[in-house]
Amino acid sequence: MFTGVSVAGTMTSLIAPGGRLVVDVGAQLEDCVQADFLCLTHGHVDHIGMIEWVLNARAMRKMPPQKILAEAPVLEHIQDLIKLRQRFDRWLPGFVPVEVTPGMEVDGPSGKKIRVFRSTHVTPTVGFIVGDRRKKLKAEFVGLPEKQLAKLGRSGVQLQESVFVGELAYTGDTTEDIFAESPEIASVQTLAIECTYTQPDKLEKAKPRGHMHADQLLSKLKEINFSNRVQLVHFSVSVKTEDRIATVQKFLSEGINTVTLDSAIDQAAQAGLSKP
Ligand SMILES: [Zn+2]
Ligand SMILES: [Zn+2]
């Protein structure tokens, strides 16, 4: 699962295990400087606000340029920022732009693949899945005896196909429509997904604002029989600690393996549930 920080409207940076890949640079974290791959979901300031600082820190330390994976408008915005920044700072940070579009698959760190999917928000947004390509027996050959498979193989029949296995995904800011827009996220082992609101009076407001309410998320997860782990991120500051704990408990009691970015909240939720 991811580590990092995520507060709606303030900052989000999620660090994948191993530290070589970070999604979004809204937080001033050293991890963002150290990562070789920066995946940017969209252009809102709470998701890319620290990009100048990251590129500057990287350039000053003479570290090799990072790959920045983002849609074209976000990459253009970063180029513009660099031009503006030269008014005051003479550094010339380099980065390797990787323009992404939904459906694309790019090479990631340590032999991993990064898949891009369309997210649903008020501005163009993509999500990222980190995973592997694996060989798998084609469905039409499953269950055939070994001898028959070997014979088919010898005769030149292609028995295997390459499939993408998603380990970790982050949707970026999104709404409950994400499950219809990009159903592939349901099969990822750990799905980090925004859960901005939990309060009843925010239920109607979430979607028009391009966000997700915990109740909407829970009902969608139940609807699709979600069986993997969900990581709730992007809580609004207006959601108090006790409400976050209660939300995790609610998800857990519905049989959904649920964590946040805060282990204290996760532990409190687990402890509360195990009480007699
Ligand atoms: Zn946000
Ligand atoms: Zn946003």
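Predicted model: local features only at pLDDT ≥ 70, side-chain atom pairs only at ≥ 80, totals over all residues.
Helices (H or I, at least four residues) and strands (E, at least two) are DSSP runs, numbered from the N terminus.

Hello everyone. Residues are numbered from 1 along each chain as its sequence is written, while chains are lettered from A and ligands numbered from 1 in the order in which they are written.

Let's start with the overall picture. The protein contains ten helices and 13 strands. Its C-alpha trace spans about 70 × 55 × 30 Å along the principal axes.

Next, burial. I call a residue buried if 20 or more other C-beta atoms lie within 10 Å of its own, exposed if 12 or fewer, and partly exposed in between, with C-beta atoms placed from the backbone. By that rule, 40% of the 276 residues are buried. For contacts, two residues qualify if their C-beta atoms, placed from the backbone, lie within 7 Å. Among contacts between residues at least 6 apart in sequence, 58% join residues at least 24 apart.

Now to the sheet I'd like you to look at with me. Six strands form an open sheet in the order S1-S2-S3-S4-S5-S6, with mixed pairing. Strand S1 (3–7) and strand S6 (95–99) are the edges; each has a single partner strand, so one side of each is left without a neighbour in the sheet. On average, neighbouring strands here are turned by 20° against each other, direction ignored. Helix H4 (residues 72–85) packs on this sheet, touching S6 and strand S5 (66–70), and its direction makes about 135° with that of S5. Those axes are lines fitted to C-alpha atoms, for helices over the stretch in contact, and angles run from 0 to 180 degrees between N-to-C directions.

Let's walk through it. S1 and S2 are antiparallel, paired over five bridges, and Gly4 has Leu14 as its bridge partner in S2. Three residues separate the strands in that hairpin, where Gly9 takes a positive phi near 70°.

How much of strand S2 (residues 11–15) is buried? Five of its five residues are. Met11, Ser13 and Ile15 point one way, Thr12 and Leu14 the other way, and all are buried.

S2 then pairs with S3, again in the antiparallel sense, over two bridges, with Ile15 facing Val22 as its bridge partner in S3. This hairpin has five residues between the strands, and Gly18 takes a positive phi near 100°. Strand S3 (residues 21–23) and strand S4 (residues 37–39), by contrast, pair in the parallel sense over three bridges; there, Val23 has Cys39 as its bridge partner in S4.

Strand S12 (residues 229–233) runs parallel to S13, joined by two bridges, and Val230 has Thr258 as its bridge partner.

On to the interior. A nonpolar core here is a set of buried Ala, Val, Leu, Ile, Met, Phe, Trp, Tyr and Cys residues joined through C-beta atoms within 7 Å. The largest one has 65 residues, and Val22, Cys32, Leu38, Cys39, Phe128 and Ala169 touch the most other members. Strand S9 (residues 126–137) gives the largest share of this core, four residues. Leaving aside neighbours within four places in sequence, Cys32 is in contact with Ser13, Val22, Val25, Leu38, Met50 and Val54.

Last stop, helix H10 (residues 263–274). Its end C-alpha atoms are 16 Å apart, which agrees with the 16 Å that twelve residues should span at 1.5 Å a residue; the expected span is 1.5 Å times one less than the number of residues. Is H10 buried or in the open? Of its twelve residues, the number buried is one, so H10 lies largely in the open.

Definitions and conventions:
Pairing = 2+ DSSP bridges.
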